[in-house]
Amino acid sequence: MVQLPGIEDLMNYEHGTAPKNYSFTSIFRTIACVGDSLASGEFELIDEEGKNHYYDRFEYSWGQFLARKIGSTVYNFSRGGMTAMEYCKSYARLKDYWNPDLKAQAYIVALGVNDLVNNHQDPGEIDDVDFSDPDKNRETFLGYYAKIIQKYRQIQPDSYFFLMTMPYSAGESEQDARLKRRHAELLYALSERIERVYILDFNRYVPPHDEEFHRKYYMNGHLTPTGYVVTAELVDRYIDCIVRNNPEDFKMVGMIDVPTP
């Protein structure tokens, strides 16, 4: 059973056996971030006529802040507005993200807001996933989401996956809150059926995106540069917590792609 960090563990970097000035996240030398606008460093501006304008600024994404902090290569397999369905049906192929030359040791998947909250796609059930053939998954959110994991696992059989749930946000409706909880339940169900899959439970364990968080770190509907730095730090600390609390799960990371006896 994977040990998950509590909030006090996540926010207290000195807890446990974390090496000083290093993060265990750095054991992954290549990481791919599969996600939507918040994984793309998107900024949202509103002009004088009230029209919204969106800019993906990848160098400001939490993935690239993470890369600069831990010294690893991090790929942005993301774009504003992305859904698991679009990723599977067209985007990954058009951008060549299924290319084995881009395979990573770890994948952080941050999808669900556009799928469930904005587009109201059917969340699905764990039975929508064919664990032997991803092309037979049903056309639900979970079917497409699982297909992303399955296809990258085919490309990199020894890879690790970290699935991000959606944090509470100030002013959200009870319906949206229920969808976020359902999203988390589905990701946990996947983690129980696919090996080396771990949950970054932002819905439960990290500080909520409450009014104070919005005041400091939001620019309209997306984050500020400092907001993406904060997110990078939380992702790093969370993965660090998982690795240092479950070191036996990660012993062979350094041998990924190296022929062994």
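This section describes the strand arrangement and selected helix packing in a predicted model.

The model contains an open sheet of 5 strands in the order 4-1-5-6-7, and the pairing is parallel. Strand 4 (73-78) and strand 7 form the edges, each pairing on one side only. From one strand to the next, the twist averages 20 degrees. At one end of this order, strand 1 (residues 30-35) and strand 4 run parallel and are joined by 6 bridges; within this pair, Val34 stands opposite Phe77 in strand 4. Strand 6 (residues 160-164) and strand 7 likewise run parallel, with 4 bridges between them, and Met164 stands opposite Leu200 in strand 7.

In a regular strand, side chains alternate between the two faces of the sheet. Strand 7 (residues 197-200) is covered on both faces: Val197 and Ile199 are buried on one side, and Tyr198 and Leu200 are buried on the other. Helix 5 (residues 141-155) lies across strand 1, strand 4, strand 5 (106-110) and strand 6, and runs at about 160 degrees to strand 6.

The crossing of helix 2 past helix 8 is right-handed. In this contact, Trp62, Phe65, Leu66, Lys69 and Ile70 of helix 2 meet Pro225, Tyr228, Val229, Thr231, Ala232, Glu233, Val235 and Asp236 of helix 8. The contact residues comprise 9 nonpolar, 1 polar and 3 charged.

Technical notes. Residues numbered from 1 in each chain as written. Predicted model: local features only at pLDDT ≥ 70, side-chain atom pairs only at ≥ 80, totals over all residues. Heavy atoms only, no water. Left-handed = near helix turned anticlockwise from the far one by under 90°. Helix = DSSP H or I, 4+ residues; strand = E, 2+ residues; numbered from the N terminus. Contact = heavy atoms within 4.5 Å. Nonpolar A, V, L, I, M, F, W, Y, C, P; charged D, E, K, R; others polar. Buried < 20%, exposed > 50% of the residue type's maximum accessible area, 1.4 Å probe, protein only. Pairing = 2+ DSSP bridges. Axes fitted to C-alpha atoms, helices over the stretch in contact; angles between N-to-C directions.
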